[in-house]
Amino acid sequence: HSCAKLQRRDVALLTQVAKAAPSKLSGFGPQALSMMAHGFARLEVRSEILFYLLAEEIVEKMPLFAGQGVGMILAAYGKFGIKNEKLIQACRRQMRALADELTQPEVDAIEGGLRSFGALDGA
């Protein structure tokens, strides 16, 4: 996330992060998971394996996510066109569970992410 904030695309560093992260993902909370996906997407560093493993961990922990995290995840996966149906369904369920708590920017981010997959209908 720090690289993304600084807008520095250090491919060597991010490659090392992508290689080291899978063994640590189970210890990551919702904020760390969403920030990792967001950071890689913002810097346009695509790692299919990392995003697949992130999705598994995110789906498992989805009930702990707030609206902002759901929006960040959908935006990241949408940017790369990585359509993981289990992830999309988990995000939809969480969006419904949080419906009364979501802010308008969170709703907009979630809708934008779902729209990028063509998955907005029935959300």
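This note walks through some features of the structure above, point by point.

1. **Before you start.** This is a predicted model, in which local features need pLDDT of at least 70, side-chain atom pairs count only at pLDDT 80 or more, and totals for chains, interfaces and linings use all residues. Residues are numbered from 1 along each chain as its sequence is written, and side-chain values use heavy atoms, with hydrogens and water left out.

2. Buried, in turn, means under 20% relative accessible area, while exposed means over 50% and partly exposed lies in between (1.4 Å probe, protein chains only). As background, nonpolar side chains tend to be buried together in soluble globular proteins.

3. **Ile 58 at work.** Pick out Ile 58 and look around it: Leu 33, Phe 65, Ile 73, Tyr 77 and Leu 87 are all touched by Ile 58, leaving aside residues up to four places away in sequence. Contact here means heavy atoms within 4.5 Å.

4. A search of the whole structure finds two aromatic pairs. Rings of Phe, Tyr and Trp (its six-membered ring) pair if their centres lie within 6.5 Å; planes under 30 degrees apart count as stacked, over 60 as edge-to-face and the rest as tilted. Phe 51 and Tyr 77 are edge-to-face because their planes stand at 65 degrees, with ring centres 4.8 Å apart. Phe 51 sits in helix H4 and Tyr 77 in helix H5 (residues 67–80), so this pair ties together parts that are 26 residues apart in sequence. Phe 51 is buried at a relative accessible area of 0%, and Tyr 77 is buried at 1%.

5. **A second ring partner.** Phe 51 also forms an edge-to-face pair with Phe 80, at 5.3 Å centre to centre and 90 degrees between the planes. Since Phe 80 belongs to H5 and Phe 51 to H4, the pair links parts that are 29 residues apart in sequence. Phe 80 is buried too, with a relative accessible area of 12%. Together, Phe 51, Tyr 77 and Phe 80 form one aromatic cluster.

6. H7 (residues 104–116) has 13 residues and reaches 18 Å from its first C-alpha to its last, close to the 18 Å expected at 1.5 Å a residue; the expected span is 1.5 Å times one less than the number of residues. Glu 106, Ile 110, Gly 113 and Leu 114 are buried in H7. Seen down the axis, these buried residues fall within an arc of 95 degrees, so they line one face of the helix; the arc is that of the directions from the helix axis to the C-beta atoms. They pack against H5 and helix H6 (85–97). Gln 104, Pro 105 and Arg 115 are exposed on the face turned away from the buried side.

7. **Salt bridges.** How many salt bridges does the structure hold? There are four, each a side-chain nitrogen of Lys or Arg within 4 Å of a carboxyl oxygen of Asp or Glu. One of them joins Glu 57 and Lys 61 (3.1 Å, N to O). These two are four residues apart in helix H4, which means about one helical turn separates them. Glu 57 is buried at 12% relative accessibility, and Lys 61 is buried with a relative accessible area of 12%. Another bridge joins Glu 48 and Arg 46 (2.3 Å, N to O); Glu 48 is partly exposed at 42% and Arg 46 is partly exposed at 43%.

8. **Two backbone details.** Glu 44 has a positive phi of about 60 degrees although it is not a glycine. Look for Glu 44 in the loop between helix H3 (30–42) and helix H4 (48–61). Gly 118, which follows H7, also has a positive phi, near 70 degrees.
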